[in-house]
Structure formats: C-alpha cells, structure tokens
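Subject: Handover of a structure, with findings

Dear colleague,

Please find below the structure I am handing over to you. My findings follow directly after it.

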Amino acid sequence: MNSGNGGMTLAEKILARASGLDHVASGQIIEGSVDLAMMHEQGAQTVAPFHQMGAEKVWDRDRVVIAIDHWVPASTEGAAVLHRILRKFATEVDLPHFYDVGNHGICHQILAEHGWVVPGDLAVGTDSHTNMLGAMGAVAAGIGPTEMAAVLALGRLWLKVPSTLRIRVKGHLGPGVVAKDLVLRALGEVKTTGATYKSVEWTGPTIERLSMPERFTICNMTTEMGAKCGLVAPDEKTFEYLRTIAKHPMHPVYADADATYERTIDIDVDGMPPMVACPYSPDNVRPLTDVVNEHIHVDQAFLGSCTNARIEDIREGAAILRGHKVHPGTRFIVSPASTSIYEQCLQEGLIELYTEAGAVFTNSSCSACFGGNMGIIAPDEVCASSSNRNFPGRMGPKEGRIYLMSPAATVAAAIRGEIADPREFA
Amino acid sequence: MKDLIEGRVWTLGRDMDTDQIISGKYLTIIDPQELKKHVLEIGLPEFAAGARPGDILIADENFGSGSSREHAPAALKAAGIGAIVADSFARIFYRNSINLGIPTIEARGVRALFEMGDTARIEMRAGRITNLRTNRSITFPPIPHHLLDLLEAGGLVEKVKVELAQRKAAAGTPRA
C-alpha cells in the first residue's frame, strides 16, 4: 500500500472524489459513490437479490441504464424471460432509461453514444467490458448482478483502490495498423494477468492522437489484461465528443505529476505490423505478418462486438471490401455495435456494400462474440474476429479456434478465405 | 462462515475462465440448480456429475477470468462447493464469489500442494491450508476485514438486508 500524501494517479483521483476523501492510495478500501450503473441481460439476476435485500426503490433513477444486447431480439425462450424480468422490474421501480429492442445496442456503446459516462465518473456495469468507458477519463468497472443489487439500493460499493500500470505509447501507427493492433501488442506484453486488480492508464503522444472510438477499443480490452479499469485522461476530444450529449456535469481530473505507478511499460508503435491474438488466449499475440504465412483457412469472419463495431470500424472494413467478394468458403457476419450505427451504415450505403459482397449484415447485438446467440462455429472451425476473447468454447465448442484482429484484418480474411494482411488491399 | 473447512479436492489449471466454468449457451439459465448440471463442462467435464457437497476447488493462477457472469460462482455454489482456493483470482469472479458467501481464498503456491482427490483443511482465520494426505501446508494472507464481514453475514444480500433494516428502523424512530 502507498503511504503518505504522494501524488495520485488518474484512477486514485477519481476514487478520492467518489469516496469524498482528499487523498487515497493503492490498497486502501473505500466506499465509492456510483455516478452511473448499467445493466444488460445479466441484470435479470439483480432483481431477486434486490428484493431479498428488502430494497424498495433505486437510489437514483437517472443514474441507472438498462441496455439489452446479448440476445436481441430474444432468440430463445430463456432470453425472452430475462428481457421480460427486466422490463417488469424497470416499470416496478421506475427505471426510465431502458434501451429496448428497436432502440438497442451493445450496452457499452449505448453508454458512450448517449453520454451516460463523463470525465471523473465512477461507473459500474454488469459486464466485464465496462472498462471501455474509461476512455471518458472515468473509472468504469464490471461487477456481478448481486453486487449491482446493492448498488441500486445504496448507490455505492466498496472498492480496493487499485495500483496503476501505466502504458506509455509513442510513435505513429502505420497505414493499415490501428488501435486494435496497439492493444493486442500491449496484451502480448502485459499478458492476461499482468494488470489483475489494477488500473491501466494509457498515456503518451500516440494515445493523445487517438480518436474517441480508438480510445474505446484500447480501454475495452484492458479487461483482457485482468484490469479493474482502463483509462485515458480526458482532453479536448473527450469534451467535444460529450459536448452535446453528456447526461450529467463533467468533473475531469488528472493524474498528478508525482503520481506513483506500480509499473510503466513503454511501447513505440513506429514500424509495428498488424497484430493477431491466436487461440486460445487474447495474450497469445503474434505479428499478423507471421501468421499469414501459415495460410490458416477461415470458416467464419466476424466484424462485431463492443471492441470494434463502431461506424469507423465498419467504414474501415468497407474500404477494403469495396470491389471484392467474400470468399466462397467463408461466412462473413457483420453486427454493428448499436442501432444508430446500423442507421448510419444504411445512410452511407454500407449495408448494401457488405451484403452485395456476400456478407450477412445483422441488427445490432453482441452477436457471435460470446457463443450464446448467433454465429456459433463448429468444433473444427476457425473464426477471424474483431472481438475480444478467444478462450476455449467462446464461440460454442471448446475446440473452435478464434483469431482476434482489427476490423480491416477481419475483412481481409473474409475476402481471402484465410488469415490475410489488410495492407495488401490498400 | 465456518473457521475450519475440510473437503475432498478437485484440482484445476491456470486461466480457468468463466466460459470454461459456464459457457455462453447457458447464460439464459438463472436457476442455480439447473446451472450446476453444466458447471465446468469445458474446464473439467467430470466435475458436474462427480461433485459432492463440501468439495473444495484448488486452482492455479487467474481462476474465473473473463466475463462478469455470476452464473459461474452461482453454479459452483449450487454444486455444494465448500471453498475455492487459487494461486490467484480474476477480480470480478473474486467479488462475485465472496458476494455469494463462498469462502474464496487467494493462496500463492496452493495448486502445487495438491493432487486430485486429496483432502484439504482450511483454517480461515489462521490463514493456513493443509493437504491432509501429505501433511504439507502453506499460509495465506489474512482475509481483509470487510470481506470476512461479508462472509460472516452469509454474503452481500444478507449484509445489505441488515443495513437497510437498520436504516429503516432509524428513520422510523421518533426524535426525542
């Protein structure tokens, strides 16, 4: 545990505010006031404990968001029941901010698009990739549904102040090399346990140049490092992104110059090739250029998930796909991260472009990413995916092999029918 | 919470993620009794049929990594697991497991101490775990007070229930 009154990291600053303390240090247990609580289908499991606790009302209805995303529209009776439980609960305890079928999207994207998380916030959600919202300069962490019941009742939760792993990035991403490649590269170094219980703070000139969507991608996958949260300090881009949509006042804070970092990793992205995470772990990362030489046949390509299915990602893929067809031996699924992105794709002619090339363009949902809805693969199949996990069984059978990569590389794989370098399509 | 926990051991490797504990296709099931039929289906297929109440899971590093699904510890609890001990845990699983009242203990080096089928004895407050077959033991750091409180209460639901009842009682007390 840090002692004394030394400088604080970005996460420490936010947690000090959330706990009403002037100073906190890593290792300290605090009670943090929650600025935003988000539930997806797993929130159905929040309802019973909420009632068992004897809770009658939610602490603040304007700080609770429900966004269903895993099975939209419901694909099984079980999923329909989860949705039903949530709708009933929302009516019962008066939760008006419900993003239901037709107005839906992946929960993290909904929070981002609608300005639900702002700089300085402490946000929690019943999904592990809640870390994505750290890109707003907030502490955003995943919790389970029982814990969410306590948050809904009390508006706070205990947290151990995390130590901070700083990832300092310099250099310029080359053509065809994107934020996903950067976070995969970092995962190769940090590994899946390297940031367990920790806060990951992205800093450096490369990070400052990243757009908000790119920052969402790199914060999103700090979950795969084991991190409690992953943050980028707010700047003009953050404020501009939120200017017209912020749901509550921003209270940006910044790391002190003399903050204590448990560890700092320096990454120079000059000359870095695209990266790919091979089965069966997101930290099994290799340069795409090496993997391409193995001519790995791809049965399914998936452009989707909270990590990479924003309009920028779909445009990035379209730039490669234009003038090509999906390989006859490959199925290609595209699932935008939200309904508004879907509409944007419609307006820009992107749905037409993808479907004419032979892809299936679905409505917004978590889709193939988690192996519980659509886009399941067979045991001996391979999927090239822009998503975030490639554990055994992630897309269904435990033998299924998933390669994680950028949206552009996913499209390149769909065209070639094997893992391919998107830069060859420039 | 019992101070002394004894049980038959199931061992597991490292990075036993939540997809391997309860895979995505079962996430619409919320009845723990149903879920337990599929627990560890990918990670340790013989477990669901063979588990007995009071059994103890001993895992290597990063147990429960991946998703926030509470289905994973809920299914293990329904299977009657007496404790989960690992070299290290992923953070959401750790919180979820403690919130459900499962003794969840981080003990560096524990996996190497046990083989499948051994008997483990855990002394919660003393912070010691012993293999009763080999008589070898290791110590683990004391479980923090706020977590012991949670386990003593029987989990988060019980703890918040008491807090809300007290709050209600205080609000209902007329001022003197």
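This is a predicted model: local features need pLDDT of at least 70, side-chain atom pairs count only at pLDDT 80 or more; totals for chains, interfaces and linings use all residues.

Strand β14 of chain A and its partners

Strand β14 of chain A spans residues 300-303, and both of its faces are covered. A:Q300 and A:F302 are buried on one side, while A:A301 and A:L303 are buried on the other. With strand β15 of chain A, residues 331-334, β14(A) pairs in the parallel sense through four bridges. With strand β17 of chain A, residues 382-385, the pairing is again in the parallel sense, over three bridges. A:A301 takes part in both pairings: its bridge partner in β15(A) is A:F332, and its bridge partner in β17(A) is A:A384.

Packing of helix α11 of chain A

Helix α11(A) also meets helix α14 of chain A, residues 407-416; their axes come within 8 Å and cross at roughly 35 degrees. The crossing of α11(A) past α14(A) is right-handed. From α11(A), the residues involved are A:D313, A:E316, A:G317, A:I320 and A:L321. Facing them in α14(A) are A:P407, A:A408, A:T410, A:V411, A:A412 and A:I415. Sorted by class, this contact between α11(A) and α14(A) comprises seven nonpolar, two polar and two charged residues.

The four-stranded sheet of chain A

Chain A also has an open sheet of four strands in the order β10-β9-β8-β11, with parallel pairing. Its edge strands are β10 (229-232) and β11 (263-268) of chain A, each of which pairs on one side only. On average, neighbouring strands of this sheet are turned by 20 degrees against each other, direction ignored.

Within this sheet, strand β9 of chain A, residues 199-203, runs parallel to β10(A) and is joined to it by four bridges. A:E201 stands opposite A:L231 in β10(A). Helix α6 of chain A, residues 179-190, lies across β8 (164-170) and β11 of chain A, and runs at about 135 degrees to β11(A).

The seven-stranded sheet of chain B

In chain B, seven strands form an open sheet with mixed pairing, in the order β4-β3-β2-β1-β5-β6-β7. β4 (104-106) and β7 (136-139) of chain B each have a single partner strand, so one side of each is left without a neighbour in the sheet. Neighbouring strands here are turned by 25 degrees against each other on average, direction ignored. Strand β2 of chain B, residues 56-59, and strand β3 of chain B, residues 83-86, pair in the parallel sense over four bridges. In that pairing, B:I56 stands opposite B:A83 in β3(B).

Contact between the chains

Where the two chains meet, 36 residues of chain B are in contact with 44 residues of chain A. On the side of chain B that touches chain A, α1 (18-21), α5 (91-99) and α7 (156-172) of chain B each supply at least two residues. The largest share, six residues, comes from α7(B). By class, the residues on this side of chain B divide into 13 nonpolar, 13 polar and ten charged.

With kind regards

Terms used. Residues are numbered from 1 along each chain as its sequence is written. Chains are lettered from A and ligands numbered from 1 in the order in which they are written. A residue is buried if 20 or more other C-beta atoms lie within 10 Å of its own, exposed if 12 or fewer, and partly exposed in between; C-beta atoms are placed from the backbone. Two strands pair if DSSP finds at least two bridges between them. Two residues are in contact if their C-beta atoms, placed from the backbone, lie within 7 Å. Ala, Val, Leu, Ile, Met, Phe, Trp, Tyr, Cys and Pro count as nonpolar, Asp, Glu, Lys and Arg as charged, and the others, Gly among them, as polar. Axes are lines fitted to C-alpha atoms, for helices over the stretch in contact, and angles run from 0 to 180 degrees between N-to-C directions. A crossing is left-handed if the near helix is turned anticlockwise from the far one by less than a right angle, and right-handed if clockwise.
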